[in-house]
Amino acid sequence: DVILRPIREADLEDLCRCVVDPEAYGEFEWTGFKDPKAIRRRWEEDGWLGAEHSRLAVVSSGSFAGDVSYKDRSQGVSKAAIYEIGIALFPEYRGHGVGTTAQRLLVQYLFDTTPAHRLEAYTEVENAAEQRALEKVGFEREGVLRQILFRAGKWRDSILYALLRD
């Protein structure tokens, strides 16, 4: 009962919670207060469906549960060959398979609608739940990137996961 769809205007208030409420998306997503109006400005610009960076709503049982994102990380002339994906869910939707399903749907969407050959995801070393979800979807752990993210007053290590089209 999980679907992905474009962000709607009605989602913007919930989506803005992620930049003004440290509890909204949880400890691994919170990197400080941001301008909530930037979310609306971006939505008005392109509906969060840009060529370089996009977001889709994660809907569970008809309710906005969070969002998935994808960014083109291709190098050189091979545009749309490599995407970095991400997910952020409100606490009440975590631990029920919503994230795994949403990521599986995003992988299918990207492989069906883009020439993507490689999908990447980064997660903090301490985020065991996200690591399990990525592995369930078929991502493989490729390595640890030391002190790549600053959050909660210190530099943190992340694990790089990847999934190839074939």
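**Strand pairing and helix packing in the predicted model**

Strand 6 (residues 140-151) runs antiparallel to strand 7, and the two are joined over 8 bridges. Within this pair, leucine 145 lies opposite serine 158 of strand 7. The hairpin formed by strand 6 and strand 7 has 2 residues between the strands, and alanine 152 adopts a positive phi near 55 degrees there. These features belong to a predicted model. The mean pLDDT of the chain is 95, with 100% of its residues at 70 or more.

Strand 5 is in turn paired with strand 4 (residues 82-89), here in the parallel sense and over 3 bridges. Tyrosine 83 stands opposite leucine 119 of strand 5. In general, the strands of a sheet pair through backbone hydrogen bonds, in either a parallel or an antiparallel sense.

In general, the packing of two helices is described by the angle between their axes and by the distance between the axes. For helix 1 and helix 2 (residues 37-46), the angle is about 135 degrees and the axes are 8 Å apart. An angle over 145 degrees would count as roughly antiparallel, and one of 65 to 115 degrees as roughly perpendicular; helix 1 and helix 2 are therefore oblique to each other. Their crossing is right-handed. Helix 1 contributes Leu12, Leu15, Cys16, Cys18 and Val19 to the contact, and helix 2 contributes Ile39, Arg40 and Trp43. By class, the contact of helix 1 with helix 2 comprises 7 nonpolar residues, 1 charged residue and no polar ones.

Helix 3 (residues 98-113) packs against helix 4 (residues 128-137) at an angle of about 45 degrees, and their axes are 9 Å apart. Helix 3 is thus oblique to helix 4. The crossing of helix 3 and helix 4 is right-handed. On the side of helix 3, the contact involves Thr100, Gln103, Arg104 and Val107, which meet Glu130, Ala133, Leu134, Lys136 and Val137 of helix 4. The residues in the contact of helix 3 with helix 4 are 4 nonpolar, 2 polar and 3 charged.

Terms used. Residues numbered from 1 in each chain as written. Predicted model: local features only at pLDDT ≥ 70, side-chain atom pairs only at ≥ 80, totals over all residues. Heavy atoms only, no water. pLDDT = per-residue confidence, 0-100. Axes fitted to C-alpha atoms, helices over the stretch in contact; angles between N-to-C directions. Helix = DSSP H or I, 4+ residues; strand = E, 2+ residues; numbered from the N terminus. Parallel < 35°, antiparallel > 145°, perpendicular 65-115°, else oblique. Left-handed = near helix turned anticlockwise from the far one by under 90°. Contact = heavy atoms within 4.5 Å. Nonpolar A, V, L, I, M, F, W, Y, C, P; charged D, E, K, R; others polar. Pairing = 2+ DSSP bridges.
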